[in-house]
Amino acid sequence: MSKLEDIVSLCKRRGFIFPGSDVYGGFAGTWDFGPLGVTLKKKIMDAWWRFFVEERDDMYGVDAAILMNPRTWEASGHTATFADPLVECKECKSRFRADKIAEGISESVTTEEFLATHTKCPVCGKEDWGPIRKFNMMFATHVGAVLPDDDADVAAKNIAYLRPETAQGIFMNYKNVVDTFYPSLPFGLAQQGKAFRNEISPRDFILRDRECSQMEIEYFVRPEAWETEFEKMRELQHEFLEGVMGLPVEMIHEYEVPEGDRAHYSKRTIDYMFDYPNGEEELMGLAYRTDFDLSNIARESGKSMEYRDKNTGEVLVPHVIEPSIGVERLFLAVMSAAYGEDEIGGGKRVVLRLPENLAPYKFCVSPLLKNKPELVAKAREVYGLLREKYGDVTWDDSGNIGKRYRKQDEIGTPKCVVVDFDSLEDDTVTVRDRDTTEQVRVKIDEL
Ligand SMILES: [Zn+2]
């Protein structure tokens with residue numbers, strides 16, 4: 001089993017992920033994707049979009065604004081309940097998320113329950129706590145021309161939030177899509193985009209960051225059909241995670257969330273847990289949200305969210321099943337499953353066994369020697385051919401061939417193609433396989 005530090009180190013060393021605002025010493029809870037990271041992330045997101053939207057007849061995509069009318073968050077319950085239990089050490093003034101520093105308590109922990117755990121401050125070691133306070137995790141900002149010397153009322157009137165989830169942007173467009181596309185039930189609206197959470201203590205690399213990308217679907221169903229549709233959606237997630245993302249089935253565990261721990265809107269939730277290097281953590285969630293959101297929007301806006309059946313004329317408010325996955329969590333799952341160390345010719349090798357459809361590059365092309373113009377010319381020709389055919393191809397003529405293989409193994413390139421003197425004679429090249437390290441001669445036009 002790999003360690004999280006190994007993956008963090010590989011991500012930085014090879015240009016997948018860097019700490020956010022690195023030159024200024026970082027900025028807690030933010031991460032930047034480098035050239036290879038953004039390619040892998042895009043491939044993950046595009047594969048999701050293809051699987052859940054483009055290859056289906058019952059899905060529609062939307063891309064809503066990040067800044068939304070603050071009434072959105074009143075209606076959704078986020079203003080009131082999107083909060084974590086914050087506890088402050090009276091001795092050193094450090095602040096923590098109570099349920100993360102004490103064993104065996106939940107997010108809804110009371111001050112008494114927390115004190116009964118006799119947790120010591122992770123910073124100063126004292127046991128002298130203030131009361132548990134609810135800390136709302138939405139990032140607030142001001143919209144329009146608000147000046148520092150404006151009074152509090154002006155500032156409060158112009159407050160807006162960076163969306164804490166993409167889901168509400170989808171609900172916002174439910175009526176727009178129903179009125180313009182007349183979809184039959186069941187149908188889904190899908191969205192990918194950024195969401196922001198002011199985590200009290202961001203940690204575990206990209207698992208708990210303050211800014212993340214989400215991929216969510218709100219799947220609208222007849223109320224009486226929710227259980228069947230929930231089961232279908234549940235299976236579909238496995239098809240995607242295992243079939244398209246290449247995650248090993250034994251690393252994914254379903255966890256049926258008990259009533260007391262479910263989000264305020266959900267009647268049934270399954271968390272898909274994943275064996276990350278630092279332990280089992282949530283990878284994604286599947287929730288039955290009933291008509292909670294549409295009914296709240298109808299109440300708050302005064303507009304009807306009813307759906308009229310084209311054939312029967314029946315009028316109803318659809319219920320919703322929501323698969324929700326964080327791109328960074330999926331990214332790290334893919335990296336963890338792919339990361340491996342083995343031994344080759346007596347030396348340690350780090351290898352990233354990414355599925356071919358996700359690897360940043362499918363091929364690396366290089367000339368055996370970079371100081372032989374005829375080899376370089378031939379290799380350039382092969383490079384051009386492959387790039388036209390596959391798109392994701394990289395060129396590497398640095399160092400010796402062994403070093404190039406090590407580098408391509410570390411970034412997950414499935415095949416390395418090397419042009420040598422024989423290539424000039426018989427139009428064949430050496431193709432070396434990342435996983436087996438075996439080399440075969442292949443005709444250039446059969447690549
Ligand atoms: Zn302390």
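This is a predicted model: local features need pLDDT of at least 70, side-chain atom pairs count only at pLDDT 80 or more; totals for chains, interfaces and linings use all residues.
The protein chain contains 15 helices and 23 strands. Its C-alpha trace spans about 75 × 70 × 50 Å along the principal axes. Of the 447 residues in the protein chain, 34% are buried. Among contacts in the protein chain with a separation of 6 or more, 62% are made by residues 24 or more positions apart.

Helix H1 covers residues 4–13. Its buried residues are Ile 7, Val 8 and Cys 11. Viewed down the axis of H1, these residues fall within an arc of 100°, so they line one face of the helix. An α-helix has 3.6 residues a turn, so residues three or four places apart point the same way. The face of H1 turned away from the buried side carries Glu 5, Ser 9 and Arg 13, which are exposed. The packing partners of the buried residues of H1 are strand S1 (17–19), helix H2, helix H12 (327–338) and strand S17 (339–344). After H1 comes Gly 15, which has a positive phi, near 80°.

Helix H2, one of the elements against which the buried residues of H1 pack, is formed by residues 35–54. At 1.5 Å a residue, its 20 residues should span 28 Å, and the C-alpha atoms at its ends are 26 Å apart, which agrees. Leu 36, Gly 37, Leu 40, Lys 41, Ile 44, Trp 48 and Phe 52 are the buried residues of H2. Seen down the axis of H2, the buried residues lie within an arc of 135°, so they line one face of this helix. Pro 35, Arg 50 and Glu 54 are exposed on the other side of H2. The buried set of H2 includes a lysine, Lys 41, whereas an arginine, Arg 50, is among the exposed residues.

Three strands form an open sheet in the order S5-S4-S6, with antiparallel pairing. S5 and S6 are the edge strands, and each of them pairs on one side only. From one strand to the next, the twist averages 45°. Strand S4 consists of residues 83–88 and strand S6 of residues 133–136. These two strands are antiparallel and are paired over four bridges. Within this pairing, Asp 84 stands opposite Phe 135 of S6. On the S5 side, S4 is joined by three bridges to residues 95–97, again in the antiparallel sense. Here Leu 86 has Arg 97 in S5 as its bridge partner. S4 and S5 form a hairpin, with six residues between the two strands. Lys 93, in the turn of the hairpin, has a positive phi of about 70°.

Asn 371 is placed in the loop between strand S19 (363–367) and helix H13 (373–390).

Key:
Residues are numbered from 1 along each chain as its sequence is written. Two strands pair if DSSP finds at least two bridges between them. Axes are lines fitted to C-alpha atoms, for helices over the stretch in contact, and angles run from 0 to 180 degrees between N-to-C directions. The expected span of a helix is 1.5 Å times one less than its number of residues. A residue is buried if 20 or more other C-beta atoms lie within 10 Å of its own, exposed if 12 or fewer, and partly exposed in between; C-beta atoms are placed from the backbone. The arc is that of the directions from the helix axis to the C-beta atoms. Two residues are in contact if their C-beta atoms, placed from the backbone, lie within 7 Å.
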